[in-house]
Amino acid sequence: MTTDQPTVLFVCIHNAGRSQMAAGYMTALSGGAVQVRSGGSEPGNQINPIAILAMAEEGIDISQGVPQLMTTEQVRDSDVVITMGCGDVCPIFPGKRYEDWQLADPKGRPLEEVRPIRDDIRRRIEALMAEILPAKV
């Protein structure tokens, strides 16, 4: 990377729930200090409507997101790659930070079960931001 701005890629299977919520949080909470990407190993055809609703409760609109295929270029061009249940499909490049977040898939779950997943994602995003962004003086 040639910029001081870190780039984070969030990857889940369908790029319709967990990775979209994580990207929404990172975009909103970092205030543009992080370049955010997301993708899926087998992209769905729309964002999970319950994930959209859960994030709307937080004041974050992810309704305009479009599930997309994760590319090798996205991985190569990212500083941090966060996978969520997609196993070993993500290519590995030396010097990248990889984390696998064990999160339940919100697909097919009611809002009451998606809220705890959303809240767990927020905690993880806040912790990740504390690690990758310089402290404000």
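Q: Which pattern does the chain follow, read along the sequence?

A: Helices (H or I, at least four residues) and strands (E, at least two) are DSSP runs, numbered from the N terminus. In this predicted model, the chain follows β-α-β-α-α-β-β-α, with four helices and four strands. Local features need pLDDT of at least 70, side-chain atom pairs count only at pLDDT 80 or more, and totals for chains, interfaces and linings use all residues. Residues are numbered from 1 along each chain as its sequence is written, and side-chain values use heavy atoms, without hydrogens and water.

Q: What span should helix α1 have?

A: The expected span of a helix is 1.5 Å times one less than its number of residues. Helix α1 (residues 18-30) has 13 residues and should therefore span 18 Å; its end C-alpha atoms are 18 Å apart, in agreement. Just after α1, G31 takes a positive phi of about 60°.

Q: How many residues of α1 are buried?

A: Buried means under 20% relative accessible area, exposed over 50%, and partly exposed in between (1.4 Å probe, protein chains only). In α1, 10 of the 13 residues are buried, so the helix is largely enclosed by the rest of the structure. Among them are M21, A22, A23 and Y25.

Q: Against which elements do the buried residues of α1 pack?

A: Contact means heavy atoms within 4.5 Å. The buried residues of α1 pack against the strands β1 (7-12), β2 (35-40) and β3 (80-84), and against the helices α2 (49-56) and α4 (111-132).
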